[in-house]
Amino acid sequence: MYTQAMDIPDESGKKLASVSNAPSEQEAAFEARIEADGRIEPQDWMPEAYRKTLVRQISQHAHSEIVGMLPEGNWISRAPSLKRKAILIAKVQDEGGHGLYLYSAAETLGTSREQMLEGLHSGKAKYSSIFNYPTLNWADVGVIGWLVDGAAIMNQIPLCRCSYGPYSRAMIRVCKEESFHQRQGYEALLVMMQGSEAQKAMVQDAVNRLWWKCLAMFGPPDADSPHSAQGMRWGIKRISNDELRQKFVDATVPQAKVLGVTLPDPDLKWNEARGHYDYGQIDWAEFWNTVEGNGPCNKERLATRVKAHNDGQWVRDAAQAYARKQQERAMKEAA
Ligand SMILES: [Fe+2]
Ligand SMILES: [Fe+2]
């Protein structure tokens with residue numbers, strides 16, 4: 001799904017300002033490529049801090065896709081119809097695919113998948129804080145599609161132009177799939193809003209609980225995002241957190257009107273002079289508390305993820321045994 005603005009530092013990220021002692025022609029070539037809006041490829045020289053920033057961002061993004069499967073996966077067995085079940089299975093499977101693309105993109109930077117998974121499973125690595133909240137009713141699944149995938153699209157469209165080639169190319173396909181995710185969520189909510197009063201109340205309740213968390217997905221305000229400026233200079237990040245958040249609010253307010261729900265913000269109103277909607281204060285203390293591991297579902301999500309990984313050990317063992325056998329056979333034939 002889903003990046004929040006992925007500049008949430010982890011342990012390794014704190015050492016970001018490492019100074020490169022690479023030969024200056026290589027550095028100049030890198031800078032010139034960035035300046036010309038070209039792409040950096042895995043075999044190209046790159047500053048260590050650029051590499052580290054990308055590994056952190058892409059792996060956090062991959063983790064978010066994988067952990068993001070959990071809150072919705074909980075509803076596959078409880079979807080209200082065969083049609084909704086088929087759509088939800090397809091969506092959750094897409095998210096798994098996004099995670100795998102992104103781990104592969106991060107591996108081109110020299111970090112192994114085992115290292116990245118170890119970071120996730122030990123709690124050192126971050127993932128989007130939105131998935132540490134529960135999905136309490138069926139409308140949550142629709143709201144995740146509409147708002148969470150909607151916020152993810154807003155974040156990820158500019159990443160299609162990211163300066164790192166493998167990441168930018170992965171994002172092109174991912175964004176197409178996210179667009180389907182957003183639409184299926186919105187359509188499911190439109191149907192519920194034509195239903196009973198109880199169904200309408202479920203939609204409103206889900207919007208009330210998730211709206212502010214979605215605004216926080218864009219990451220801390222620009223003034224508190226020291227990594228963002230460097231990310232912009234390197235062409236990794238193209239649009240700032242606050243600008244993306246504003247675009248999301250402006251795009252979502254008319255959609256909420258069509259749907260017939262209220263967005264839970266008394267300060268939300270059109271500002272003629274700015275040409276944008278004004279909105280209220282995000283609770284950043286709550287956001288950081290959740291990022292730090294203390295949200296309502298952090299422990300449960302991580303435990304489920306670790307269990308799924310351990311339960312899948314036999315599949316990885318079998319795949320490796322099969323690959324070994326194929327290789328041995330090929331070598332015998334070649335001999
Ligand atoms: Fe998605
Ligand atoms: Fe995704």
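**Starting point.** I'm keeping in mind that this is a predicted model.

**Helix α7.** I checked its length to begin with. Helix α7 runs over residues 165-193, which is 29 residues, and at 1.5 Å a residue it should span 42 Å. I found its end C-alpha atoms 42 Å apart, so the two agree. Then I looked for a bend, and there's one of about 25 degrees at Ile-172.

**Helix α10.** The 19 residues of α10 (241-259) should span 27 Å at 1.5 Å a residue, and the end C-alpha atoms sit 26 Å apart, which agrees. Where does α10 bend? I get about 25 degrees at Thr-252, with a proline, Pro-254, following within four residues. Thr-252 is also on the list of buried residues of α10, as are Leu-244, Phe-248 and Val-249, among others. What do the buried residues of α10 pack against? My list reads α6, α7, α8 (197-216), α9 (226-233), β2 (276-278) and α11 (284-294). Just after α10, I came across Gly-260 with a positive phi of about 90 degrees.

**Glu-65.** I went to helix α2 (residues 48-67) for this one. Is Glu-65 buried or exposed? Its relative accessible area is 0%, so I'm writing it down as buried. Its side chain makes a polar contact with the side chain of His-98, at 3.2 Å. I also took the distance between the C-alpha atoms of Glu-65 and Ala-319: 23 Å, for two residues 254 apart along the chain.

**Asn-132.** This residue is in the loop between α5 (113-121) and α6 (138-156). I get 2% relative accessibility for Asn-132, and under 20% counts as buried, so buried it is. Which side chain does the side chain of Asn-132 join in a polar contact? It's that of Tyr-127, at 2.7 Å. Setting aside neighbours within four places in sequence, I also found Asn-132 in contact with Thr-290, Gly-295, Pro-296, Cys-297, Asn-298 and Arg-301, among others.

**Cavities.** I searched the whole structure and got three cavities of 30 Å³ or more.

Note on methods
Residues are numbered from 1 along each chain as its sequence is written. Chains are lettered from A and ligands numbered from 1 in the order in which they are written. This is a predicted model: local features need pLDDT of at least 70, side-chain atom pairs count only at pLDDT 80 or more; totals for chains, interfaces and linings use all residues. Side-chain values use heavy atoms; hydrogens and water are left out. Helices (H or I, at least four residues) and strands (E, at least two) are DSSP runs, numbered from the N terminus. The expected span of a helix is 1.5 Å times one less than its number of residues. The bend at a residue is the angle between axes fitted to the seven residues ending there and the seven starting there. Buried means under 20% relative accessible area, exposed over 50%, partly exposed in between (1.4 Å probe, protein chains only). A polar contact is a pair of N or O atoms within 3.5 Å; within protein, one must be able to donate a hydrogen and the other to accept it, and residues adjacent in sequence count only if both atoms are side-chain atoms. Contact means heavy atoms within 4.5 Å. On a 1 Å grid over the protein atoms alone, a cavity is a set of points where a 1.4 Å probe fits but cannot get out, and a pocket is an open set with protein on both sides within 12 Å along at least five of seven lines; lining residues have an atom within 4 Å of a point. Grid points are joined across faces, edges and corners, and a volume is the space filled by probe spheres set on the points.
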